[in-house]
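Dear colleague,

Please read them with the structure open beside you.

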Amino acid sequence: MNKYNVSTIRSMAEYITGKNFWEAGDLRFADGPAGLRVQGDGGDSLGLKDSLPATSFPAHSALACSFNRSLVYEVARCMGEEAAAYGVDILLAPAINIKRCPYNGRNFEYFSEDSYLTGELGTAFVEGVQSTGVGACVKHFVANNRETARCMCDSVMSERTLHELYLPAFETIVKNSAPAAIMTSYNKLNGTYCNESRELIQGILRGEWGFKGLVISDWGGTYDRVKSVKAGADLEMPACAVSCDILVKAYESGELSGEEIEACEVHLKTASSRPKPQKTQYDAAKHAETAYRAACESIVLLKNDGVLPLAQNTKVAVFGEAAKNAPVQGGGSSHVHQSEDIGFLSEIAKVCTVTGFIGGYKKLNQKALRLIENSDVIIVCLAMYEGDTEGQDKSSLYLPQEQINLVTSLQKTGKKVVVLLTSGGAIDTSWDRNLNALLYLGLSGEGSTRAAADIVCGKVNPSGRLAESFFNTPDELPSVKYFNQNEYYTVYAEGCSVGYRYYLSQNVSAKYPFGYGLSYTNFTYSQPVADIKGVRFTVTNTGSYGGAEIPQIYIEFPAQANSISPVLAGFEKVFLAAGDSREVFIPFTENTFSSYDVITRKKVIVSGEYSIRLAQSSQDIVYISQIDISGNSAYVPADEPPQNEPVLPEIKRNKRGRVIAELSTPFGELKNSKALLVRGFVKAALYFMRKNPMQVGTLRYSPVKTVAQFAAFDSTRTEGFLQILNGHYFKGISLMIKGKSLKKRKKK
């Protein structure tokens with residue numbers, strides 16, 4: 001007897017879509033990853049509405065510069081405690097996509113250009129969150145490396161590139177920390193939406209890696225619910241009545257089996273049955289202190305001729321609006337309703353003698369010149385105020401010219417000039433040639449200004465190291481020429497030649513290399529020994545300040561592996577008092593010497609001589625040794641350019657070329673709708689939103705289904721919406737009136 005009927009199918013179909021914007025099953029979700037973003041009665045996934053108060057921690061891009069697993073664990077544990085206090089069951093974090101190109105507007109949310117570092121820190125993050133009883137949801141699976149048309153974009157790459165660069169961090173986290181959930185990305189991968197890819201979800205994630213948790217769509221990231229269920233994507237978020245009806249019809253037609261729907265239901269029920277985290281008040285002051293300590297370890301000293309640290313009571317003149325109003329976090333779904341940011345100017349005044357402050361970035365006037373004359377050192381605060389946000393990519397990697405002009409003018413005064421730079425990732429720094437010191441703050445959260453002041457005055461010794469390479473010029477990066485070449489696809493023709501892998505494999509020097517950062521003390525290495533198990537050595541602090549060193553291990557593969565290498569294979573953060581030494585052992589893992597063979601479609605270890613590099617950065621090598629590895633393969637073919645043709649959205653048109661709206665139609669394409677009023681409305685909407693590129697980009701490239709879903713339309717209203725978009729105004733309005741709002745129907 002068939003245990004399924006239409007009633008049970010509808011019940012399951014409704015269960016595996018959201019109850020509302022933030023709830024599904026017995027679970028409540030909230031955004032991360034730089035702090036908790038819990039919505040009140042309202043809600044959105046783009047950070048357009050205020051959220052409840054929470055601690056603002058360093059963005060992943062900054063936190064990764066700490067190279068400190070235990071610190072990441074502690075930050076994540078604090079976030080888990082706050083999530084538990086607000087009744088959140090699953091935190092939508094960490095974000096672990098690879099920083100392929102610096103133009104990506106969402107790079108600030110991601111740890112690194114390197115998959116090993118990302119996997120290690122992502123594992124620590126998941127373990128920290130889940131130690132509180134709150135589940136972690138790792139995102140975005142996979143190849144979500146741009147924001148332009150992210151709901152439609154096809155990421156076209158070779159199989160080896162996918163398996164050696166974009167998948168490994170996810171694999172490490174899944175196998176080592178068992179996250180509660182994985183969120184699929186909006187984009188396609190080689191022509192198939194990730195949310196609809198059976199190969200990704202059933203084959204790799206659940207099959208090869210043994211993932212047992214919940215697979216969730218990104219919000220509005222389910223385009224064909226039947227295909228996504230078949231692929232094993234368990235939960236569609238947010239609520240979507242249209243999908244429920246579609247699943248029932250697919251069952252009735254035989255296109256979808258009851259077992260396939262039930263498999264998704266079982267995963268959601270299993271996730272819902274997790275023990276609820278204990279809802280207790282968290283210690284806000286303690287969390288703020290953790291945010292401060294995290295900022296201290298995340299800030300990177302890029303240049304210093306000895307001017308830093310400043311002596312007590314040094315007279316400083318402070319320039320730049322960013323001294324009072326610097327961005328400390330990015331925009332979009334990760335934006336945190338943090339406590340008031342005091343600002344660097346107030347913080348530096350506690351430790352130095354501030355002779356005055358000039359805001360803005362205008363030319364020097366007599367007031368500024370008098371201020372400089374009465375000062376020992378000039379501190380200039382620079383910032384990228386635009387570009388670090390979800391929903392849009394960066395249009396520029398250059399600071400506004402007025403900021404650069406100010407720095408140049410100040411250098412001509414003959415005074416020592418120290419620059420504090422705030423940005424969410426690598427930008428042009430060609431203006432820094434004659435600076436005395438450059439301190440990179442990243443987006444280090446609510447503790448960043450206090451941490452920066454304490455580093456400048458020497459209370460804290462900087463220990464951050466760059467988790468991404470800083471370029472000489474963006475045009476030198478292979479990914480740049482392919483980035484956003486077409487609004488609906490990107491060809492990853494550079495393969496694994498991303499970040500430091502490009503610089504090392506081509507023997508080219510980065511402006512500031514991956515893993516680089518200065519300290520107020522010095523470290524030496526001695527007695528290094530490398531073997532198949534790992535590298536052992538002694539680190540000594542030979543300076544007069546206590547501080548932290550970050551030894552790094554890079555592996556260069558033999559020629560027969562045809563690898564883009566060397567690649568990072570290990571690191572450790574070592575804290576040492578002045579004069580102290582410590583023996584360090586950095587072990588290798590089962591994946592250290594692995595390559596991906598596209599013929600066998602498996603990871604293999606190529607036999608041959610591997611070069612082991614002990615280093616202080618990707619370009620600063622301390623020790624090189626060779627070891628022979630006896631593997632299970634003699635050779636793997638070199639990575640080939642992507643073979644797939646990009647898959648563009650299917651846009652239905654009439655004989656005159658006008659667009660006919662369907663659920664899958666990109667909303668922005670309706671500026672060419674067959675309906676005159678719709679053409680005018682869409683053009684007007686995009687025009688009036690032009691001052692908010694994130695809103696424009698999101699609306700323009702979202703499918704009609706997603707627009708209706710975010711508007712909380714039921715099936716009747718969605719059909720009415722489609723009718724209106726196709727010019728059938730009276731019929732459409734009638735259906736809109738008959739329909740219901742899911743906000744009213746499903747709100748708890």
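Phe 319 stands opposite Val 380 in strand 13 of this predicted model, where strands (E, at least two residues) and helices (H or I, at least four residues) are DSSP runs numbered from the N terminus. Strand 11 (residues 315-319) pairs with strand 13 in the parallel sense over 4 bridges, pairing being counted if DSSP finds at least two bridges between two strands. Strand 13 also pairs in the parallel sense with strand 14 (residues 416-422), over 7 bridges, and the bridge partner of Val 377 in strand 14 is Lys 416. Between strand 13 and strand 14 the chain passes through helix 15 (residues 401-411), in a right-handed β-α-β crossover, that is, one whose path from the first strand over the helix to the second runs clockwise with the strands pointing away from the viewer.

In strand 13 (residues 377-383), 7 of its 7 residues are buried, meaning under 20% relative accessible area with a 1.4 Å probe and protein chains only. Val 377, Ile 379, Cys 381 and Ala 383 cover one side, while Ile 378, Val 380 and Leu 382 lie on the other.

Elsewhere, an open sheet of 4 strands has the order 8-7-5-16, with mixed pairing. Strand 8 (192-193) and strand 16 (489-491) are at its edges with a single partner strand each, so one side of each has no neighbour in the sheet. Strand 5 (residues 154-156) and strand 7 (residues 188-189) run parallel, joined by 2 bridges, and Asp 154 stands opposite Lys 188.

Residues are numbered from 1 along each chain as its sequence is written, and side-chain values use heavy atoms, with hydrogens and water left out. As the model is predicted, local features need pLDDT of at least 70 and side-chain atom pairs count only at pLDDT 80 or more, whereas totals for chains, interfaces and linings use all residues.

Best regards

Note on methods
Buried < 20%, exposed > 50% of the residue type's maximum accessible area, 1.4 Å probe, protein only.
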